[in-house]
Amino acid sequence: MEQFSHLATRIFKEAIAVYEREGSIDTPPINPYQPHTIEHDLFRKNWIDNAQWCLEDIIRDPEIDPVQALIIKRRIDKSNQERTDLVELIDSFFLQQYASVQPQSDAKINTESPAWAIDRLSILELKIYNMDKAVRTAGQDEALRKKCSDKLHILLEQERDLMQAIDELLEDIAQGRKYMKVYKQMKMYNDPELNPMLKGQSL
């Protein structure tokens with residue numbers, strides 16, 4: 001049986017390849033997986049991360065028009081909310097999967113839920129892809145190539161460590177050695193009842 005971290009990594013790499021070939025910041029996810037499956041959610045998760053990666057690049061242009069920058073900033077805020085909602089959806093998959101597990105009397109809680117670790121893995125796959133591209137496009141600049149190659153080596157080590165940590169966490173939950181406790185994100189800046197600017201109040 002394929003370990004979950006390998007499933008996630010495989011789908012993230014697939015999403016990156018499809019995005020690079022057919023996607024853009026304005027392209028809806030070209031998702032090959034059936035809706036309401038974990039594979040569909042993982043693919044959509046990485047697609048959102050990829051589009052936001054590109055938006056973050058655009059907004060860092062020192063010559064960007066301020067009006068355009070504001071538009072991009074609001075798109076990033078919206079993307080962040082979609083990302084958070086999707087992470088919580090992925091965690092609900094794990095909650096359902098392990099609902100029948102009885103935690104051991106000395107079971108411990110983890111510092112982050114499985115889906116937030118998977119969120120980090122999705123972004124790490126984007127870092128690996130883009131750093132590898134930087135190595136391949138360094139041209140005759142040997143210093144730049146070495147710098148990027150060294151960073152890529154570290155990223156690949158991070159990938160191995162994070163994949164192992166995710167699988168060990170899921171196994172600990174499955175065996176009752178750890179238990180899940182998921183908190184909904186308490187973001188205030190998008191809430192019209194809590195953000196004074198959205199309520200029309202001055203700070």
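Visitor: Is Cys148 buried or exposed?

Guide: Burial is read from relative accessible area: buried means under 20%, exposed over 50%, and partly exposed in between, with a 1.4 Å probe and protein chains only. Cys148 has a relative accessible area of 8%, so the residue is buried. This is a predicted model, in which local features need pLDDT of at least 70 and side-chain atom pairs count only at pLDDT 80 or more, whereas totals for chains, interfaces and linings use all residues. Residues are numbered from 1 along each chain as its sequence is written, and side-chain values use heavy atoms, with hydrogens and water left out.

Visitor: How many disulfides does the count give?

Guide: A disulfide is a pair of cysteine sulfur atoms within 2.5 Å. By that rule there are 0 disulfides here. For Cys148, the nearest cysteine sulfur belongs to Cys54 and is 18 Å away. Conversely, Cys54 is in no disulfide, and its nearest cysteine sulfur is that of Cys148. Cys54 is partly exposed, because its relative accessible area is 23%.

Visitor: How many helices and strands does the protein have?

Guide: Helices (H or I, at least four residues) and strands (E, at least two) are DSSP runs, numbered from the N terminus. The protein has 5 helices and 2 strands, and along the sequence they follow the pattern α-α-α-β-α-α-β. The C-alpha atoms fill a box of roughly 60 × 55 × 35 Å along the principal axes.

Visitor: What span is expected of H1, and what does it reach?

Guide: The expected span of a helix is 1.5 Å times one less than its number of residues. H1, with 19 residues, reaches 27 Å from its first C-alpha to its last, close to the expected 27 Å. Its buried residues include Phe4, Leu7, Ala8, Ile11 and Phe12. The buried residues of H1 pack against H2, H3, H4 and H5.

Visitor: Which residues have the most contacts inside the largest nonpolar core?

Guide: A nonpolar core is a set of buried Ala, Val, Leu, Ile, Met, Phe, Trp, Tyr and Cys residues joined through side-chain atoms within 4.5 Å. The largest such core has 38 residues, and those with the most contacts inside it are Phe4, Leu42, Ile90, Phe94, Ile118, Leu121 and Ile166. Helices H1 (4–22), H2, H3 (66–97), H4 (114–136) and H5 (142–174) each supply at least two residues of this core.

Visitor: Which residues does Leu42 touch?

Guide: Contact means heavy atoms within 4.5 Å. Not counting residues up to four places away in sequence, Leu42 touches Phe4, Leu7, Ala8, Ile11, Phe12, Ile90 and Ile118.

Visitor: Where does Lys45 lie, in terms of helix?

Guide: Lys45 lies in helix H2, which covers residues 38–59. At 1% relative accessibility, Lys45 counts as buried. Its contacts, leaving aside neighbours within four places in sequence, are Arg83, Leu86, Val87, Ile90, Asp119 and Ser122.

Visitor: Which side chain does a polar contact join to that of Lys45?

Guide: A polar contact is a pair of N or O atoms within 3.5 Å; within protein, one must be able to donate a hydrogen and the other to accept it, and residues adjacent in sequence count only if both atoms are side-chain atoms. Here the side chains of Lys45 and Asp119 are joined by a polar contact of 2.7 Å.

Visitor: Which residues are in contact with Arg10?

Guide: Arg10, a residue of helix H1, is in contact with Glu2 and Tyr33 once neighbours within four places in sequence are left aside. A polar contact of 3.0 Å joins the side chains of Arg10 and Glu2. Arg10 counts as partly exposed, at 39% relative accessibility.

Visitor: Is Asp91 buried or exposed?

Guide: Asp91 belongs to helix H3 and counts as buried at 1% relative accessibility. Apart from neighbours within four places in sequence, Asp91 is in contact with Ser113, Pro114, Ala115, Trp116, Met180 and Val182. Arg74 also has its place in helix H3, but Arg74 counts as exposed at 56% relative accessibility.
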